[in-house]
Amino acid sequence: MADIDLAYYKNLFIETSKKDIEDTRNNLKELSLNPQNTELIEALFIQFHTLKGRSLSVGYSQTGELAHRIETIFRNAKESGTIVSQDLVDKSLTGLDKLQKSIEKIASEGTELDLSDALNSFNKE
Amino acid sequence: MKILIIEDDIFFQKFYSEKLRELNFEVDVASDGEEGFNKINSIKPDLLLLDLILPKKDGFEILKELESMQQKPHILVFSTLGQEEDVEKAKLLGANDYVNKSFIDFDFLLSKINNLLKAT
């Protein structure tokens, strides 16, 4: 890919991810208030799935893997028809903060954050 | 050749549509499953690039609805990490092939598109 393409798509990656992280945070907060809301669980599953695919596609493997592990919480809830506990919502918010910091580091330094600790706090599937 | 991209992530939408337009494909995009299904019926694409996880109507529902269509488009589904079972399910529902979008490789995608269109 030409350099001009790389700069354009890197910027597009950062801008779309920043917006999605804000939308996702709002949905997580809303889910805390309405844990039975299956539409929110579906929306959160899609949002973390999107963050995963997009991050992996441009080579940010830890960012993508962390999004994948959080996505799995919502995939499981969606498929089993169960609610997501407040503990897991809080954990997802903490994970989302890490994703945000990683995107900010990519924007400023071009490399993702070391997310080993955050990854260890989520189950691998 | 008309290609319809049904993909909710604007990042992938822009990447694939711009690259394909540079090669003179006629490209349209849809951001959710309902819009996508409506566009399949209205523009009758030769090929569909279909994400499986979509708002409103997911890729599996679209594949099921296409099963009864007489002249359906070639279908290439997008997958990513953790979707191995989804890909198998999509193939059973009529998807011709898949690409893993965890690794953006436009040339690889293009080779798959050309292979499918050659079979027309």
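Student: What should I know before I start?

Tutor: The model is predicted, so local features need pLDDT of at least 70 and side-chain atom pairs count only at pLDDT 80 or more, while totals for chains, interfaces and linings use all residues. Residues are numbered from 1 along each chain as its sequence is written, chains are lettered from A and ligands numbered from 1 in the order in which they are written, and side-chain values use heavy atoms, with hydrogens and water left out.

Student: How do I read two packed helices?

Tutor: Two packed helices are described by the angle between their axes and the distance between the axes. The axes are lines fitted to C-alpha atoms, for helices over the stretch in contact, and angles run from 0 to 180 degrees between N-to-C directions. Helices (H or I, at least four residues) and strands (E, at least two) are DSSP runs, numbered from the N terminus.

Student: At what angle do helix 2 and helix 3 of chain A pack?

Tutor: Helix 2 (residues 38-57) and helix 3 (residues 61-80) of chain A pack at about 160°, and their axes are 8 Å apart. Helix 2 of chain A passes helix 3 of chain A in a left-handed crossing: the near helix is turned anticlockwise from the far one by less than a right angle, and clockwise would be right-handed.

Student: Which residues of these two helices meet?

Tutor: Contact means heavy atoms within 4.5 Å. Among those in helix 2 of chain A are Ile41(A), Phe45(A) and Phe48(A), and helix 3 of chain A brings residues including Ala67(A), Ile70(A) and Phe74(A). The contact has 10 nonpolar, six polar and six charged residues. Here Ala, Val, Leu, Ile, Met, Phe, Trp, Tyr, Cys and Pro count as nonpolar, Asp, Glu, Lys and Arg as charged, and the others, Gly among them, as polar.

Student: How do helix 1 and helix 5 of chain B pack?

Tutor: Helix 1 (residues 10-22) and helix 5 of chain B pack at about 65°, with axes 12 Å apart, and the crossing is right-handed. Phe15(B), Tyr16(B), Lys19(B) and Leu20(B) in helix 1 of chain B meet Phe106(B), Leu109(B), Leu110(B) and Ile113(B) in helix 5 of chain B. By class, that gives seven nonpolar, no polar and one charged.

Student: What about holes: how many cavities does a search find?

Tutor: On a 1 Å grid over the protein atoms alone, a cavity is a set of points where a 1.4 Å probe fits but cannot get out; a pocket is an open set with protein on both sides within 12 Å along at least five of seven lines, and lining residues have an atom within 4 Å of a point. Points are joined across faces, edges and corners, and a volume is the space filled by probe spheres set on them. The whole structure has two cavities of 30 Å³ or more. The largest has about 60 Å³, and its lining includes Tyr16(B), Phe103(B) and Leu109(B).

Student: Which residues lie nearest the centre of the largest pocket?

Tutor: They are Asp20(A), Gln47(A), Thr50(A), Arg54(A) and Asp8(B), out of 13 lining residues. This pocket has a volume of about 250 Å³, and its lining divides into three nonpolar, four polar and six charged.
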